[in-house]
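Thanks, everyone, for making the time this morning. I would like to walk you through one structure, going from the overall layout to a few individual residues.

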Amino acid sequence: MPQHTLPRPICGHCDGFPTVTITTGQTTPDGQRQTITAHCPACRGTGHTTTPVRVHTRIGS
């Protein structure tokens, strides 16, 4: 029987685009642009929040 997992919520800081490549404006000796990679600090580069959002909250007993 297949197991169904709920989709994890998308990170609100990076909107699901956790890793970006930024050009430094310089070129390498072979003529390519030099780039650096930056990851979202909130989700650590996963694109999803670390704790799932509760769908239903129960108050009382």
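This is a predicted model: local features need pLDDT of at least 70, side-chain atom pairs count only at pLDDT 80 or more; totals for chains, interfaces and linings use all residues.

Residues are numbered from 1 along each chain as its sequence is written, and side-chain values use heavy atoms, with hydrogens and water left out.

So, the overall picture. The protein has zero helices and two strands, where helices (H or I, at least four residues) and strands (E, at least two) are DSSP runs numbered from the N terminus. Of its 61 residues, 10% count as buried; buried means under 20% relative accessible area, exposed means over 50%, and partly exposed lies in between, with a 1.4 Å probe and protein chains only. The protein exposes about 5700 Å², and carbon and sulfur atoms supply 56% of that area, the accessible areas coming from the Shrake-Rupley method with a 1.4 Å probe, with only the protein chains shown counting as cover for residues. If we take contacts (heavy atoms within 4.5 Å) between residues at least 6 apart in sequence, 48% of them join residues at least 24 apart.

Let me turn to the two strands. β1 covers 19–27 and β2 covers residues 33–39; they run antiparallel and are joined by six bridges, two strands being paired if DSSP finds at least two bridges between them.

Which residues form a nonpolar patch on the surface? They are Val20, Ile22 and Ile36, with about 240 Å² of accessible area together. Patches are made of residues with over 30% relative accessible area and no salt bridge, with like charges joined within 9 Å and nonpolar side chains (Val, Leu, Ile, Met, Phe, Trp, Tyr) within 5 Å; a salt bridge is a side-chain nitrogen of Lys or Arg within 4 Å of a carboxyl oxygen of Asp or Glu. Ile36, which belongs to β2, counts as partly exposed at 47% relative accessibility.

Thr19, in β1, is also partly exposed, at 38%. Not counting residues up to four places away in sequence, Thr19 touches Thr37, Ala38, His39 and Gly45, and its C-alpha atom is separated by 9.1 Å from that of Arg44, 25 residues apart along the chain.

Now to the cysteines. How many disulfides does a search of the whole structure find? The search finds zero, a disulfide being a pair of cysteine sulfur atoms within 2.5 Å. Cys11 is in no disulfide, and the nearest cysteine sulfur, that of Cys14, is 3.8 Å away. For Cys43 the closest cysteine sulfur is in Cys40, at 3.7 Å, which is too far for a bond. Cys11 is buried, with a relative accessible area of 3%, and Cys43 is buried with a value of 3% as well.

In the segment before β1 we find Gly12, which counts as exposed at 61% relative accessibility; Gly12 and Ala42 are 30 residues apart in sequence and 8.7 Å apart in space, C-alpha to C-alpha. Asp15, in the segment before β1, has a positive phi of about 55° although it is not a glycine, and it is exposed at 55% relative accessibility. Gly16, also placed before β1, is partly exposed at 31%. Leaving aside neighbours within four places in sequence, Gly16 is in contact with Ile10, Cys11 and Gly47, while the C-alpha atoms of Gly16 and Thr49, 33 residues apart along the chain, are separated by 9.4 Å.

Finally, Arg44 is found in the segment after β2. Its phi is near 60°, a positive value in a residue other than glycine, and Arg44 is exposed, with a relative accessible area of 70%.
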